[in-house]
Amino acid sequence: RESDHRAWTPVTYTVTRQNATIQGLIQGKAYFFRIAAENIIGMGPFTETTKEILIKDPITVPDRPEDLEVKAVTKNSVTLTWNPPKYNGGSDITMYVLESRLIGKDKFHKVTKEKMLDRKFTVEGLKEGDTYEYRVSACNIVGQGKPSFCTKPITCKDEIAPPTLDLDFRDKLIVRVGEAFSLTGRYSGKPAPKVTWQKDDIVLKEDDRIKIQTTPTTLCLGILKSVREDTGKYCVTVENSTGSRKGFCQVNVVDRPSPPVGPVIFDEVFKDHMVVSWKPPLDDGGSEITNYIIEKKDTHKDLWMPVTSATVKTTCKIPKLLEGREYQIRIYAENLYGISDPLISDEMKAKDRFRVPDAPEQPIIKDVTKDSAVVVWNKPFDGGKPITNYIVEKKETMATRWVRVTKDPIFPGTKFKVPDLLEGCQYEFRVSAENEIGVGDPSPPSKPIFARDPIAKPSPPINPEAVDKTKNSVDLSWQPPRHDGNGKIIGYLIEYQKVGDEEWKQANLTADSCPETNYKVTGLTEGLTYKFRVKAVNAAGESDPAHVPDPVEVKDRLEPPELILDANMAREQHVKAGDTLRLSAVIKGVPFPKVTWKKEDHEVSPKADIEVTGVGSKLEIRNTVHEDGGMYSLTVENPAGSKTVSVKVVVLDKPGPPRNLNISDVRSDSCYITWMEPEDDGGSVITNYVVERKDVASAQWVAISSSSKKRSHMAKYLMEGTQYLFRVAAENQYGRGPYVETLKPIKAIDPLHPPGPPKNLHHVDVDKTEVSLVWNRPDRDGGAEITGYLVEYQEDGADEWTKFQTVPMLDCVVTGL
């Protein structure tokens with residue numbers, strides 16, 4: 001059945017072999033086939049072809065290629081061509097195989113290794129004098145076909161014939177502008193010569209106007225729409241290995257002249273005539289100027305009047321003018337090929353009076369660099385006499401004196417490059433014109449300019465990198481660009497992009513918000529990955545971006561805390577009372593650690609100012625007092641660890657009051673004072689004690705010792721019977737501490753002792769209930785008058801004495817016994 005039909009068509013029922021030939025199939029159609037076996041019982045099941053079979057002629061190798069020819073022979077190469085075979089064997093040719101045989105040898109050898117489909121091939125690298133024959137075969141999908149018929153034996157040698165050259169043009173050729181011209185000829189030579197065209201020793205190449213055509217026997221150079229620049233000496237060179245031939249032609253492309261060169265100079269001006277001059281045209285059109293045509297025009301009229309057309313000089317007298325009228329002059333140049341465009345003068349009034357030139361208009365400043373500027377101005381009215389010089393002056397904007405920029409004359413140009421400016425200074429410029437009458441007024445000053453190089457955009461920043469990160473920020477750092485474009489870098493723009501997004505977001509809106517070469521990008525989302533880039537900005541604009549090489553994942557970077565102590569955090573810190581205590585340290589760690597200051601494991605005083613920045617912490621106590629001393633500790637802690645440092649602070653102050661002031665050994669003229677050192681020496685060694693006294697009736701304290709280092713003093717020279725107060729203070733190098741004072745006055749009297757025992761006690765009378773006693777005075781009264789005698793009695797054998805009475809005299813009657 002056909003592959004696109006479903007119905008089966010019987011081919012035969014009577015096949016007894018295991019093969020069959022099916023006739024009547026259509027070429028190009030695809031078919032399926034099936035077979036069933038049959039015996040006397042009946043037909044068995046069919047077996048079907050698994051895939052369709054396309055009907056087409058069987059493929060064979062190709063026929064032999066035809067017309068194998070030798071096209072060129074040199075001493076080391078042979079060039080061959082051939083035509084394809086008449087029949088390709090039913091399949092496309094896939095390549096050709098070229099073979100050669102050295103005459104005298106039996107076998108052919110392949111010439112080409114690579115696959116070749118071109119039907120032209122140059123066999124190179126042959127040996128001069130060797131003789132070869134060649135054949136070529138075609139290959140298709142089946143294989144390689146029969147080889148072509150062999151070439152005749154070919155001997156490697158150059159075919160030599162020196163070049164010949166036959167030109168169709170003369171030595172000289174004149175062409176009008178806009179016309180085309182061509183240089184043609186014929187040539188020959190073996191090997192085939194190389195043809196080269198030159199103009200004024202420069203090799204010509206084809207373009208829109210120049211056309212070069214070379215066949216094996218003819219050569220041609222054609223130029224369309226010739227211009228003056230096509231004038232020159234043309235040369236064609238025909239060259240092969242045996243020699244060369246050259247042909248020359250001088251081509252002159254002619255045209256009418258260019259206009260005379262201005263400005264028209266009014267050499268003399270009078271009320272009825274003028275004398276003007278000019279310069280010849282820059283281009284005479286390739287032909288000598290035959291004459292100039294001069295015309296004049298009253299500016300009130302539109303009519304140009306002829307003056308002369310027969311002068312070859314570049315000066316002319318303009319006659320028959322009306323006094324006070326303004327005139328313009330125009331001048332044409334003429335040669336054999338036409339008249340130029342005109343040169344038109346400025347307006348000039350016919351009058352005898354001459355004056356200095358007018359002031360030029362305000363000059364324009366261009367091309368400013370750090371040390372030069374170009375001043376450009378327009379030519380002013382010359383006052384009737386030709387301008388012979390311009391004077392350019394400069395001054396700094398804040399100065400008052402104008403300075404000439406050069407002593408050399410500036411003429412006829414109306415611009416000048418001013419050198420030797422000072423970089424960064426602001427300048428103004430003005431221009432005056434000069435003729436033979438004198439120097440005219442200066443122009444208005446130019447707009448001020450700063451002497452500095454023009455600014456270009458900077459190059460990108462160098463080596464941007466992410467130097468730190470947290471869970472919501474990334475710290476970037478980079479180096480300034482190699483080139484600032486001659487302008488100060490205003491700052492940097494930082495942009496970031498979430499990986500996967502297309503949009504870049506700005507981390508800072510203006511460049512001046514990031515003048516340094518680092519920046520913290522904040523507000524990022526923890527766990528996401530970002531790209532970063534940095535641009536440098538100067539007054540000219542933004543640089544190209546510099547990218548941080550790798551994307552950065554935003555998360556906390558854990559680094560244990562680190563403390564770098566400042567000098568004021570030494571183990572012991574002394575500070576004078578009243579001064580300011582400062583304790584500080586540089587703190588590192590990621591995330592930034594929590595900072596805690598303590599004194600003796602308690603909170604520090606409320607008067608302490610504690611400051612924590614992103615790089616450290618500082619504790620400051622102004623007007624320190626002694627109580628501010630003690631052991632201070634600084635603790636820094638983050639999830640990666642903690643660290644503590646301590647410093648003992650000693651506030652150096654005056655000492656406290658001495659302790660236990662005591663007065664002893666009081667006499668009528670002295671007493672002995674003792675005390676103990678103060679509990680607090682103020683942090684410094686006590687140098688001395690000050691002892692003072694005061695009469696209770698006086699308001700004035702009197703120093704009795706101010707240099708004693710001992711903790712006692714004998715107070716002398718007291719007035720007997722006078723009551724005194726005493727006080728003591730300690731001193732160290734920071735001053736005198738508070739006094740400690742006696743609580744009650746001390747009277748200057750000798751000390752009192754008990755009197756001695758009465759002497760010679762005896763009785764003078766006895767009764768049954770009483771005894772009369774007498775005695776003598778004791779030897780010592782104890783320092784005071786005896787006021788009485790105490791009489792006591794005791795029963796014999798008893799332990800206790802019984803008081804009787806005190807009597808004033810030296811006798812007593814004891815009663816009641």
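In the predicted model, the side chain of R533 makes a polar contact with the side chain of E495 at 2.6 Å, a polar contact being a pair of N or O atoms within 3.5 Å in which, within protein, one must be able to donate a hydrogen and the other to accept it, with residues adjacent in sequence counted only if both atoms are side-chain atoms. R533 is found in strand β42, residues 529-538; strands (E, at least two residues) and helices (H or I, at least four) are DSSP runs, numbered from the N terminus. With a relative accessible area of 14%, R533 is buried, where buried means under 20% relative accessible area, exposed over 50% and partly exposed in between (1.4 Å probe, protein chains only). Neighbours within four places in sequence aside, R533 is in contact (heavy atoms within 4.5 Å) with L493, I494, E495, W504, P545, A546 and H547.

As this is a predicted model, local features need pLDDT of at least 70 and side-chain atom pairs count only at pLDDT 80 or more, whereas totals for chains, interfaces and linings use all residues. Residues are numbered from 1 along each chain as its sequence is written, and side-chain values use heavy atoms, with hydrogens and water left out.

The structure holds 14 aromatic pairs, defined as rings of Phe, Tyr and Trp (its six-membered ring) with centres within 6.5 Å; planes under 30 degrees apart count as stacked, over 60 as edge-to-face and the rest as tilted. The ring centres of W377 and Y390 lie 5.2 Å apart with the planes at 65°, so this pair is edge-to-face. Because W377 lies in the loop between β31 (373-376) and β32 (389-396) and Y390 in strand β32, the pair ties together parts that are 13 residues apart in sequence. W377 and Y390 are both buried. A further edge-to-face pair is formed by Y496 and Y530, at 5.9 Å centre to centre and 70° between the planes. This pair links distant parts of the chain, with Y496 in strand β39 (residues 491-498) and Y530 in strand β42, 34 residues apart. Y496 is buried at a relative accessible area of 15%, and Y530 is buried at 5%. One aromatic cluster is made up of W377, Y390 and F411.

An open sheet is formed by 3 strands in the order β55-β56-β59, with antiparallel pairing; two strands pair if DSSP finds at least two bridges between them. β55 (659-664) and β59 (712-715) stand at the edges with a single partner strand each, so one side of each is left without a neighbour in the sheet. Between β55 and strand β56 (residues 671-676), the antiparallel pairing extends over 4 bridges, and S664 has Y672 in β56 as its bridge partner.

Strand β6 (residues 78-83) likewise pairs with β9 in the antiparallel sense, over 4 bridges, and T81 has K120 in β9 as its bridge partner.

The UniProt annotation "domain: Ig-like" (unreviewed entry) covers residues 163-252 and 561-646; UniProt positions are given in the numbering used here, feature names are shortened, and annotations may be inferred rather than shown by experiment. Residues 163-252 are 0% helix and 64% strand, with end C-alpha atoms 29 Å apart. For residues 561-646, the end C-alpha atoms lie 16 Å apart, and the span is 0% helix and 62% strand.
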